[in-house]
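Here is a short tour for your next look at the model.

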Amino acid sequence: MRFVLVLIVACVTQPGADVGIVAFANSGAPAAQYDFLHGLALLHNFEYADAAESFKKAQKIDPDFSMAYWGEAMTHTHPIWMQQDLAAARAVLKRLALVSKPKTDRERDYVHAVEVLYGEGTKDERDFKYADAMQALHERYPDDVDATAFYALSLLGTAHEGRDFATYMRAAALLEEVFPTHQQHPGVLHYLIHSYDDPIHAPLGLRAARLYGSVAPNAPHALHMTSHIFIAMGMWDEVIDANRRAIAAQKIPALCGHYSQWLEYAYLQEKRVAEARKMLDECQASAVGGSASGEPFSEMRLLYVSSGGGNVDPITIPDAPAWAKFTIAYGDALAASHRGDADALNDAATRLRALQKEQDYKKPGVRERAGIIVQEVEALQLSAQGKKEEAIAILQKAAAAESVLPFEFGPPVIEKPTYELLADELLALGRAADAEKAYRTALERAPGRMPAVEGLRKAQKERSANDARRGASSR
């Protein structure tokens, strides 16, 4: 029986393949090791398409390499994003069963775990079963850093209703055990960042974020991932640098991609409006021209409006998905309110309420998010009609609902945070002390967000002036 103990460093075996350092004992042919290990590092970096190609190259070199099929099957589940291509994964496992069998107990355990992942039951049920299988594998091979990393990731993949701290801290605890001795392992760094990328725990992820970009400089997602911690801490220079590098590392830079959205958002927090506007205009040209989906553009447009970028012209993208149309209507409503255009605000509100009924409510949090956004816009309508107290009452209710949503990484899940909007309305009414409190609450969920920072300064200045006037009148 052929068995080779392999300890090969993926990012050193070929110049320029800087995607992290991995080592994985296996029974594959020596000639297939680079492609397998390169694929494993890419898998840990969530560069799924490239990882699959590397695993297929390893299979071509050694058709009997069972772990290369395991790796390809793993690329069809994206745990953090709650995505899975079950049919494609099962097709890979079918090929594996026809051409190869695991050669060691450890390989059999890995293959068993992936068979559980794509076995019987609903996706949610299989996610939990897979996490149990990875726990057993981790406990059987406590010195296997990949088993530890994939077990931690499997736990994160069970948070089907959004981030819950108990699950995320279980994952973090596993990774903290191996972090001191594996500070160049892409999975350890990557999954630590995901475990900590909320405003409460982000300082704990700063060590991993500082390392990850240099460990995997040729993996765009790795470069971007560092900004998950930076954005949660309001570190805008670092967010900008990370996403610029991620865009540059892409084979085909996307004008409307995920990294572009985060870069635009960070520009706006530094009041670099011209640079943000240039990105938005380029994305719009791409989206309207048909080379990009309307959904990324609608999000960039909304981030621009909700973060102080300024006015935007109304736009229609007929073939855009329902959520993109909803997002466009939300942006239209915020822009109309800002410029005091009541007719445009009412039109946007009407569209928004109609589009609310068309959303895909199978995804966690979509119903709650859509409801909060509609409440915000209804409050803006009331405010425009002079019904200020009614508007504030609705915003207080919506803010309470937003405050119990699970933390999400990245820009605010409600792009104009409700506490921030409430604070704006309170400040406009001269209730500076109440506005100050609301801005502080908004900044707890979105640290360093410029509209709230500036609003807080205005509220503090006005409250101080009010206190001084009260003090003078009492003397």
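Helix α19 covers residues 366-384, 19 residues in total, where helices are DSSP runs of H or I of at least four residues, numbered from the N terminus. From first C-alpha to last it reaches 27 Å, close to the 27 Å expected at 1.5 Å a residue; that expected span is 1.5 Å times one less than the number of residues. This is a predicted model: local features need pLDDT of at least 70, side-chain atom pairs count only at pLDDT 80 or more, and totals for chains, interfaces and linings use all residues. Residues are numbered from 1 along each chain as its sequence is written, and side-chain values use heavy atoms, leaving out hydrogens and water.

**Around α19**
- Of the 19 residues in α19, 14 are buried (under 20% relative accessible area, 1.4 Å probe, protein chains only).

**The largest cavity**
- A cavity is a set of points on a 1 Å grid over the protein atoms alone where a 1.4 Å probe fits but cannot get out; lining residues have an atom within 4 Å of a point.
- The largest cavity holds about 280 Å³ of space, a volume being the space filled by probe spheres set on the points.
- Its lining has 27 residues, and Gly410, Pro412, Val413, Arg445 and Ala446 are the closest to its centre.
- α12 (220-232), α21 (418-428) and α22 (432-445) each supply at least two residues of this lining.

**The second largest cavity**
- The second largest cavity has about 150 Å³ of space.
- Among its 16 lining residues, Met74, Thr77, Pro79, Tyr130 and Leu153 lie nearest its centre.
- α7 (123-140) and α8 (145-156) are the elements that give two or more residues to this lining.

Key: Buried means under 20% relative accessible area, exposed over 50%, partly exposed in between (1.4 Å probe, protein chains only). On a 1 Å grid over the protein atoms alone, a cavity is a set of points where a 1.4 Å probe fits but cannot get out, and a pocket is an open set with protein on both sides within 12 Å along at least five of seven lines; lining residues have an atom within 4 Å of a point.
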